[in-house]
Amino acid sequence: MSFLLEYSSLELLETIKEYDYFNRALLFSCRNSAGEIFLAVWVHETEDFELYLCVPISQQRLTEVETGALDVRDAFKKAELGLVYEVKIPHENSPDMIETIPCEKLREECLPKAGYLLKSDAKTPPVLTK
């Protein structure tokens with residue numbers, strides 16, 4: 001999956017890994033053309049757009065998420081840079097709408113549930129577990 005975002009560091013994002021999928025990638029890591037990494041979660045869909053949260057994340061912290069050492073929710077709630085991007089991707093040909101949100105102002109209903117950990121082993125891709 002890749003999508004076009006009209007925002008400085010959120011231009012064309014390419015998926016690195018999908019961790020949870022149901023008719024679309026629900027939780028995935030991606031990177032921009034400059035190599036910056038993001039963890040993204042699908043929040044919901046309306047008649048007009050799909051809503052995602054994207055958090056800039058270091059490779060070390062992404063590894064902590066992927067190995068289950070860091071709760072997925074905490075990757076967003078306690079972001080390294082203290083901010084998360086709320087991305088609305090319209091269903092029609094309109095520019096994406098992106099808002100920078102400080103972690104402390106994230107709405108609870110938009111965050112992954114507390115206690116979700118990714119666990120992976122060498123044989124299978126990471127999966128979302130409770």
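Reader: Which residues in the largest nonpolar core touch the most other members?

Author: Please bear in mind that this is a predicted model. The largest nonpolar core has 25 residues, and those that touch the most other members are Leu-27, Leu-39, Leu-53, Val-65, Phe-76 and Val-84. Two or more residues each come from strand S4 (37-45), strand S5, helix H1 (59-66) and helix H2 (72-77). Apart from this core lies another, of twelve residues, including Leu-13, Ala-25, Phe-38 and Ile-98.

Reader: Which residues does Leu-39 touch, leaving out those up to four places away in sequence?

Author: Contact here means heavy atoms within 4.5 Å. On that basis Leu-39 touches Tyr-19, Leu-27, Phe-28, Ser-29, Leu-53, Cys-54, Val-55, Ile-57, Leu-62, Val-65, Ala-75 and Phe-76.

Reader: How many aromatic pairs does a search of the whole structure find?

Author: The search finds two. One of them joins Phe-28 and Tyr-52, with 6.1 Å from centre to centre and 75 degrees between the planes. Planes over 60 degrees apart count as edge-to-face, and the pair of Phe-28 and Tyr-52 is therefore classed as edge-to-face. Phe-28 lies in strand S3 and Tyr-52 in strand S5 (residues 49-56), so the pair ties together parts that are 24 residues apart in sequence.

Reader: Are Phe-28 and Tyr-52 buried or exposed?

Author: Buried means under 20% relative accessible area. Phe-28 counts as buried because its relative accessibility is 1%, and Tyr-52 counts as buried at 2%.

Reader: How do strands S2 and S3 run, and how many bridges join them?

Author: Strand S2 (residues 13-21) and strand S3 (residues 25-31) run antiparallel and are joined by six bridges. Within this pairing, Asp-20 stands opposite Leu-27 in S3. The hairpin of S2 and S3 has three residues between the strands, and Asn-23 takes a positive phi near 65 degrees there.

Reader: With which side chain does the side chain of Glu-50 make a polar contact?

Author: The partner is the side chain of Trp-42, at 3.1 Å. Not counting residues up to four places away in sequence, Glu-50 touches Arg-24, Trp-42, His-44, Glu-45, Val-87, Lys-88, Ile-89 and His-91.

Notes
Residues numbered from 1 in each chain as written. Predicted model: local features only at pLDDT ≥ 70, side-chain atom pairs only at ≥ 80, totals over all residues. Heavy atoms only, no water. Pairing = 2+ DSSP bridges. Helix = DSSP H or I, 4+ residues; strand = E, 2+ residues; numbered from the N terminus. Phe/Tyr/Trp six-rings, centres within 6.5 Å; stacked < 30°, edge-to-face > 60°. Buried < 20%, exposed > 50% of the residue type's maximum accessible area, 1.4 Å probe, protein only. Polar contact = N/O pair within 3.5 Å; in protein donor to acceptor, adjacent residues only side chain to side chain. Core = buried A, V, L, I, M, F, W, Y, C linked by side-chain atoms within 4.5 Å.
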